[in-house]
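Reader: Please take me closely through one part of this model, and go on from there to whatever it connects with. Keep it plain.

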Amino acid sequence: MSFITQPVVALFLCLALGYLIGKIRLGPIQIGGVCGTLFVALALGQLGVTISPDLKNTAFALFIFALGFTAGPQFFNSLRGGWRYGILSFVEVGTVIVLLAAAILLFGLDHGTASGLFAGSATESAVLGTASDAIARLALPAAEIERLQANMATAYSVTYLFGLVAIVVFTTQIGPLLLRIDLRQASAELARELGAEDDDAEDNGTLEIVSRAFRAGAIAGGTVGDFENSINGVVTITQVGREGDFTKATVDRALEPDNVVVIVGRRRAVIAIRERLGEEVALPAQDNAPMIEREVVLTRRELIGLRIRDLRRLASAEQRRGVFIPNIRRLGQSVPALPGTELQQGDILTLYGTDEAIQRAAPELGHLLPARSVTDFVTLGLGIVAGLLLGELSLRLGPLNLTLGTGGGALVAGLVLGWLHMHRPQYGAIPADTAQFMKDFGLATFIAAVGLSVGPDAFALLREYGVVLPVLAILVSALPALISLYIGHYLLRIEGPILLGAIAGQHCSTPSISALVSLAGNSTPVIGYTVTYAISNVLLPLMGPVVVGMVGMLR
């Protein structure tokens with residue numbers, strides 16, 4: 001037993017068992033590794049295991065800074081141009097604050113219980129860090145602060161589970177019922193409206209780029225450029241040759257009757273133009289113009305809000321030649337790369353084509369991301385230090401002493417540096433995989449430290465409130481979603497699948513969007529999810545200190 005109570009052993013045992021429990025799935029419900037880690041930590045905490053507060057604070061600083069860094073590009077763009085979806089995030093925050101105020105008045109919730117209810121019901125674990133820091137700054141004895149933080153962790157562990165179930169059930173079952181839609185059918189119709197092919201209307205929205213070889217046929221006698229211009233450049237001839245002797249195609253290359261041409265383009269476009277060519281033949285074995293994939297971050301202001309189909313219309317024939325966009329990443333989620341998909345600043349576009357074509361087209365979109373990057377520890381270290389210093393500033397408004405605290409300061413610093421890195425990707429790199437590890441490990445370690453520190457006081461709160469906390473969790477989770485559903489449908493006129501994705505995003509609920517995409521049959525709900533997720537992921541953690549201050553005013 002003494003081996004288990006060693007802090008390092010206890011920490012990694014919490015992570016291992018917690019993430020194992022988090023993999024258990026009941027229908028569309030999966031609690032995830034963070035909540036599983038807290039359950040295990042609460043259990044081991046009964047043995048008297050504790051972890052240094054310094055490790056807890058370090059882990060949370062890593063997590064919250066990485067969260068801001070990855071969300072920065074989309075967050076500022078969402079505030080400017082994503083108001084149609086982003087307003088739902090403000091509905092979420094406003095409604096939850098009102099419901100919490102009512103709960104504090106009716107049930108006399110203390111600072112910790114109210115903060116834990118807020119974090120768990122909104123399924124936003126980052127609130128624990130900002131609220132915990134605010135509680136630690138209260139003018140209370142150390143023992144009382146520890147009790148309040150223990151109540152926060154316990155309330156979170158109870159309400160998270162009920163809040164998660166409520167939002168998943170609402171977005172996947174109740175929401176479509178109230179909207180009177182068949183989610184799969186509505187998603188397929190929306191994908192077709194955005195330009196998906198019939199066969200692709202129920203996949204993940206990634207366009208299939210294909211290569212085919214045909215005899216020149218009727219296009220012989222003209223040049224490669226003549227043919228491509230006649231079809232508005234929807235496909236590209238990459239190679240021309242005969243009987244194993246192929247060379248790279250240029251726009252002024254004349255086509256002869258016995259030539260074979262290699263065509264690259266979207267599957268539907270290739271099928272549409274094949275009747276203008278001769279018979280299809282086997283692709284040549286050699287590759288004189290290898291096709292590659294590179295990622296570019298979209299930064300050109302004049303392109304923000306345009307649709308993918310607009311890019312081809314605005315670009316010159318030379319700029320668009322031989323370049324395709326098969327995939328878009330936004331906040332780590334794959335967004336349908338369809339002709340009607342609207343582009344946002346900070347989108348990561350996958351360009352497919354020859355190296356020459358990509359190098360030509362990329363500057364017209366933004367900045368090419370390096371094929372391989374390493375973490376810039378100067379940016380990481382100084383960024384977190386700047387955030388911690390920012391968190392020390394405070395503003396007094398009557399009885400409220402507002403401060404960003406450690407978490408809020410690091411979050412803001414991450415947002416700013418992430419936005420700057422988007423415009424200057426050669427500086428301040430934190431690779432996506434590294435940032436994801438920082439978020440996962442930082443949050444899980446922080447949660448484990450919180451759970452272990454609770455100790456035997458964890459169950460006192462459950463005896464005091466009984467079923468009140470689970471009921472409150474369901475109400476605080478479901479009511480903002482219900483209000484957003486009607487505002488989004490009747491006032492904002494948001495399409496059903498996108499609206500449900502936006503509601504999952506305003507709740508920062510990854511399990512909800514995963515379940516939605518699975519039921520929808522394609523990734524159209526992600527279009528709404530990324531906007532509200534970017535805003536809520538910043539607003540909700542910043543509300544942690546507000547909730548703590550609100551308790552002091554209302555009690």
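Author: The loop between helix 7 (142–179) and helix 8 (183–193) holds arginine 180. The model is predicted, and in it the phi of arginine 180 is near 60°, a positive value in a residue other than glycine. Is this arginine buried or exposed? Arginine 180 has a relative accessible area of 79%; the cut-off for exposed is over 50%, so arginine 180 counts as exposed.

Helix 7, on one side of that loop, packs against helix 18 at an angle of about 30°, and the two axes are 8 Å apart. The crossing of this pair is right-handed. From helix 7, the contact takes in Ala155, Val158, Thr159, Phe162, Gly163, Ala166, Ile167, Phe170, Gly175, Leu178 and Leu179. Helix 18 meets them with residues including Leu469, Pro470, Ala473, Ile474, Ser477 and Ala481, and also Leu485 and His489. Sorted by class, the contact of helix 7 with helix 18 has 16 nonpolar and five polar residues, and no charged ones.

Helix 18 (residues 468–491) also packs with helix 19 (residues 496–506), here at an angle of about 145° with axes 10 Å apart. This crossing, of helix 18 and helix 19, is right-handed. On the helix 18 side the residues are Pro480, Ala481, Ser484, Leu485, Gly488 and His489, and on the helix 19 side Leu499, Leu500, Ile503 and Gln506. Six of the residues in the contact of helix 18 with helix 19 are nonpolar, four are polar and none is charged. Ala481, Leu485 and His489 of helix 18 are listed in the contact with helix 7 and in the contact with helix 19.

The loop between helix 18 and helix 19 contains arginine 493. Its phi is near 55°, again a positive value in a residue other than glycine. Arginine 493 has 59% relative accessibility and therefore counts as exposed.

Arginine 212 stands opposite isoleucine 263 in strand 6.

Another open sheet, also of five strands, has the order 10-9-11-8-12 and antiparallel pairing. Its edges are strand 10 (333–335) and strand 12 (366–368), and because each has a single partner strand, one side of each is left without a neighbour in the sheet. From one strand to the next, the twist averages 35°. Strand 9 (residues 323–330) pairs with strand 10 in the antiparallel sense over three bridges. Isoleucine 328 has valine 335 in strand 10 as its bridge partner. Helix 21 (residues 526–554) packs on this sheet and touches strand 9 and strand 10; the direction of helix 21 makes about 130° with that of strand 10.

Helix 21 is mostly covered, with 24 of its 29 residues buried. Helix 21 has a kink of about 35° at glycine 544, shortly before proline 545.

Key. Residues are numbered from 1 along each chain as its sequence is written. This is a predicted model: local features need pLDDT of at least 70, side-chain atom pairs count only at pLDDT 80 or more; totals for chains, interfaces and linings use all residues. Side-chain values use heavy atoms; hydrogens and water are left out. Two strands pair if DSSP finds at least two bridges between them. Helices (H or I, at least four residues) and strands (E, at least two) are DSSP runs, numbered from the N terminus. Axes are lines fitted to C-alpha atoms, for helices over the stretch in contact, and angles run from 0 to 180 degrees between N-to-C directions. Contact means heavy atoms within 4.5 Å. The bend at a residue is the angle between axes fitted to the seven residues ending there and the seven starting there. Buried means under 20% relative accessible area, exposed over 50%, partly exposed in between (1.4 Å probe, protein chains only). A crossing is left-handed if the near helix is turned anticlockwise from the far one by less than a right angle, and right-handed if clockwise. Ala, Val, Leu, Ile, Met, Phe, Trp, Tyr, Cys and Pro count as nonpolar, Asp, Glu, Lys and Arg as charged, and the others, Gly among them, as polar.
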